[in-house]
Amino acid sequence: MNASVSGETIIWRLTDGKPGHESQSLGLAHALQRMRPCQLIDIPVSGKLAPFYQWLSGVWPAGAGLPLPDLIIGAGHRTHFSMLAAKRAYGGKTVLMMQPSLPVGLFDLCLIPEHDEYHGGGNFLQTRGVLNPLNATGSHHANQSLIMLGGPSKHCGWDNTELMQYIRKLLSDNPNTHYTLTTSRRTPAETLQSVQLLEATNLEVEPFEQTAAGWVAEQLARVSSAWISEDSVSMVYEALTARVAVGTLPVPVKRQNRVSNGLQKLLTEKLIVRFDHQQNYQQALQPVNGFIEADRCAEWIEANWLSQLVPGRAAIANT
């Protein structure tokens with residue numbers, strides 16, 4: 001590998017427009033930027049057939065005129081062929097942040113969540129959940145907590161009455177803690193109405209429609225604990241990354257799946273705690289150190305690839 005003439009590591013981040021995928025790749029990019037000077041270049045990609053033929057032909061017009069990449073990172077199936085085409089045309093190492101629909105060996109590194117239970121070949125790292133751009137910095141006030149509610153999904157049902165019982169008990173068990181509750185796009189209107197009618201002086205309700213981009217990250221930097229409905233597994237991993245104590249609010253499970261199995265693994269390892277009416281959670285609710293998977297993956301990339309960069313590579317990609 002070669003570094004750019006400026007001394008910066010050049011990262012091409014291929015994006016498919018899906019917020020969840022972009023959050024993953026941004027998490028890795030930010031972790032790399034914390035380790036060394038990097039120039040991050042975002043390149044939107046789309047289509048299926050065109051990137052496939054570009055890979056076969058070794059031509060990728062989207063990269064023309066850009067600094068040559070040291071790393072090409074992406075998440076989402078729509079980035080697969082574009083990543084391979086970009087590498088064939090301009091070089092660099094490819095880092096795919098998922099188990100691909102193509103053979104793993106086509107990519108230089110795949111970051112695969114352990115709940116996917118991948119045991120095949122190729123160069124890959126298992127990650128605890130998916131990566132995200134959060135970090136552990138923040139004030140984390142001991143008397144502040146965040147409640148995050150999702151909603152019914154293909155894997156989970158929703159029992160509004162039972163959920164309200166959990167929340168009422170949580171508020172009454174901890175009268176000296178101020179709770180901020182937020183919802184999501186999947187939260188039923190009935191649930192929002194129910195929480196707005198709760199008579200509790202230690203509860204503030206902030207529907208997601210009233211929050212700006214980055215609001216959740218700001219809250220996770222401020223609070224010491226977070227309570228998350230168990231359908232919202234990605235938020236569980238984000239809260240762990242932010243180094244807050246994580247509790248979950250049970251929801252009905254339609255069928256067991258790899259994501260729910262991953263959640264159960266976190267519970268079994270006591271990295272998170274499930275709400276119970278007997279208040280056993282109060283002793284077990286503790287933050288977890290070192291759960292920043294983006295940093296761990298970035299450290300592997302630094303040690304195995306970036307530390308070997310040689311300055312002086314041609315700066316601009318030809319057409």
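Predicted model: local features only at pLDDT ≥ 70, side-chain atom pairs only at ≥ 80, totals over all residues.
## Sheet with S5 and S6

Strand S5 (residues 93-96) and strand S6 (residues 109-113) pair in the parallel sense over 2 bridges. Two strands pair if DSSP finds at least two bridges between them. Strands are DSSP runs of E with at least two residues, helices are runs of H or I with at least four, and numbering starts at the N terminus. Residues are numbered from 1 along each chain as its sequence is written, and side-chain values use heavy atoms, with hydrogens and water left out.

An open sheet of 6 strands runs in the order S3-S2-S4-S5-S6-S7, with parallel pairing. Strand S3 (38-44) and strand S7 (124-127) are at the edges; each has a single partner strand, so one side of each lacks a neighbour in the sheet. From one strand to the next, the twist averages 20°. Helix H10 (residues 293-304) lies across strand S4 (71-74), S5, S6 and S7. H10 runs at about 165° to S7. Axes are lines fitted to C-alpha atoms, for helices over the stretch in contact, and angles run from 0 to 180 degrees between N-to-C directions.

## Sheet with S8 to S13

Another open sheet of 6 strands has the order S10-S9-S8-S11-S12-S13 and parallel pairing. Its edge strands are strand S10 (203-206) and strand S13 (273-274), each pairing on one side only. Strand S9 (residues 178-182) runs parallel to S10 and is joined to S10 by 4 bridges. Leu 181 stands opposite Val 205 in S10.

Helix H6 (residues 215-222) lies across strand S8 (141-148), S9, S10 and strand S11 (223-229). The angle between H6 and S8 is about 150°. Gln 219 lies in helix H6. Gln 219 is buried, with a relative accessible area of 10%. Buried means under 20% relative accessible area, exposed over 50%, and partly exposed in between (1.4 Å probe, protein chains only). Leaving out residues up to four places away in sequence, Gln 219 touches Leu 146 and Thr 180. Contact means heavy atoms within 4.5 Å.

## Helix H7

How many residues of helix H7 (residues 233-241) are buried? The count is 8 of the 9, so H7 is largely enclosed by the rest of the structure. The buried residues are Val 233, Met 235, Val 236, Tyr 237, Glu 238, Ala 239, Leu 240 and Thr 241.

These buried residues pack against helix H1 (19-35), S8, H6, S11, strand S12 (245-249) and helix H8 (258-268). Arg 243 follows H7 and has a positive phi, near 60°.

## Salt bridges

The count comes to 11 salt bridges. A salt bridge is a side-chain nitrogen of Lys or Arg within 4 Å of a carboxyl oxygen of Asp or Glu. One pairs Lys 87 with Asp 108, with the closest N and O atoms 3.1 Å apart. Lys 87 is in helix H3 (residues 80-90) and Asp 108 is in the loop between S5 and S6, so the pair ties together parts that are 21 residues apart in sequence. Lys 87 is partly exposed at 29% relative accessibility, whereas Asp 108 is buried at 18%.

Arg 128 and Glu 293 form another, with the closest N and O atoms 3.4 Å apart. Arg 128 lies in the loop between S7 and S8 and Glu 293 in helix H10, so this pair ties together parts that are 165 residues apart in sequence. Arg 128 is partly exposed at 25% relative accessibility. Glu 293 is buried at 4%. Glu 269 bridges to Lys 265, with the closest N and O atoms 2.4 Å apart. Glu 269 is partly exposed at 40% relative accessibility, and Lys 265 is partly exposed at 36%. Salt bridges with shared partners join Glu 114, Lys 265 and Glu 269 into one network.

## Nonpolar surface patch

Leu 49, Tyr 53 and Leu 56 make a nonpolar surface patch of about 340 Å². Patches are made of residues with over 30% relative accessible area and no salt bridge; like charges are joined within 9 Å, nonpolar side chains (Val, Leu, Ile, Met, Phe, Trp, Tyr) within 5 Å. Accessible areas come from the Shrake-Rupley method with a 1.4 Å probe, and for residues only the protein chains shown count as cover. Leu 49 sits in helix H2 (residues 49-57). Leu 49 is exposed, at 60% relative accessible area.
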